[in-house]
Amino acid sequence: MTDDQSEFREGVLRIVRSIPSGRVSTYGDVATLLGIPRAARGVGFVLGSLGDDSEIPWWRVVNRHGSISIRHMGARIQRMLLEREGVEFDELDRVQLENLRWKGEQIPSPESGGSPSRTPLIHDSTTFWAG
């Protein structure tokens with residue numbers, strides 16, 4: 001793995017760890033927060049490579065429509081974990097992004113050792129950092 005790939009992976013994991021229980025983010029939101037808005041598939045690849053024993057809350061990331069993207073048993077597990085956190089699905093099996101979408105409030109910066117220090121403000125596909 002190159003340094004850039006390691007940095008990307010660590011960034012994805014840092015952001016996904018920050019998604020609060022009961023909230024969701026999209027693959028594209030995570031990529032945008034990393035400053036690479038077109039890297040949604042890369043975010044999915046990182047999350048898909050996590051082991052079964054991972055403590056990363058991968059289930060809090062859904063597609064841009066609010067739907068679960070993984071198939072088979074994984075989809076049932078993701079839905080169960082989200083429902084356990086109080087997330088509800090509509091008749092089309094989607095979460096209501098307008099109510100539950102987390103766009104990066106209080107993301108820990110790598111320089112801070114993991115504690116929240118900067119707040120990203122997202123407007124369209126551009127991230128502005130405050131703080």
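Predicted model: local features only at pLDDT ≥ 70, side-chain atom pairs only at ≥ 80, totals over all residues.
## Ground rules

Numbering starts from 1 along each chain as its sequence is written, and side-chain values use heavy atoms, with hydrogens and water left out.

## Overall layout

The protein has five helices and five strands, taken as DSSP runs numbered from the N terminus (H or I of at least four residues for helices, E of at least two for strands). Going along the sequence, you get α-β-α-α-β-α-α-β-β-β.

Of the 131 residues, 39% are buried; that label means under 20% relative accessible area, with exposed over 50% and partly exposed in between (1.4 Å probe, protein chains only). As for contacts (heavy atoms within 4.5 Å), 54% of those between residues at least 6 apart in sequence join residues at least 24 apart.

## Helix 1 and the cores

Helix 1 covers residues 3–18, and its 16 residues reach 23 Å from first C-alpha to last, close to the expected 22 Å. That expectation is 1.5 Å times one less than the number of residues. Its buried residues are Phe8, Gly11, Val12, Leu13, Arg14, Ile15, Val16 and Ser18.

Some of these turn up again in the largest nonpolar core, which has 18 residues and where Phe8, Val12, Val16, Val30, Val43, Leu47 and Val61 have the most contacts inside it. A core here is a set of buried Ala, Val, Leu, Ile, Met, Phe, Trp, Tyr and Cys residues joined through side-chain atoms within 4.5 Å. Helix 1, helix 2 and helix 3 each give two or more residues to this core, and helix 1 has the largest share, five residues.

## The largest pocket

The largest pocket comes to about 710 Å³. On a 1 Å grid over the protein atoms alone, a pocket is an open set of points where a 1.4 Å probe fits, with protein on both sides within 12 Å along at least five of seven lines; lining residues have an atom within 4 Å of a point. Its volume is the space filled by probe spheres set on the points, which are joined across faces, edges and corners.

The lining has 24 residues, with Tyr27, Gly44, Leu47, Ser69 and Ile70 nearest the centre. Helix 2 (27–33), helix 3 (40–48), strand 2 (61–62) and helix 4 (73–84) each give two or more residues, and helix 3 supplies the largest share, five. By type, the lining splits into 10 nonpolar, nine polar and five charged. Here Ala, Val, Leu, Ile, Met, Phe, Trp, Tyr, Cys and Pro count as nonpolar, Asp, Glu, Lys and Arg as charged, and the others, Gly among them, as polar.

## Loop residues

Most residues other than glycine have a negative phi. His72, in the loop between strand 2 and helix 4, has a positive phi near 60°, and counts as exposed because its relative accessibility is 67%. Asp93, in the loop between helix 4 and helix 5, also has a positive phi, about 60°; Asp93 is partly exposed at 44%.

Lys103 sits in the loop between helix 5 (97–100) and strand 3 (107–108) and is partly exposed at 35% relative accessibility. The C-alpha atoms of Lys103 and Thr32 are 9.3 Å apart, with 71 residues separating the two along the chain.
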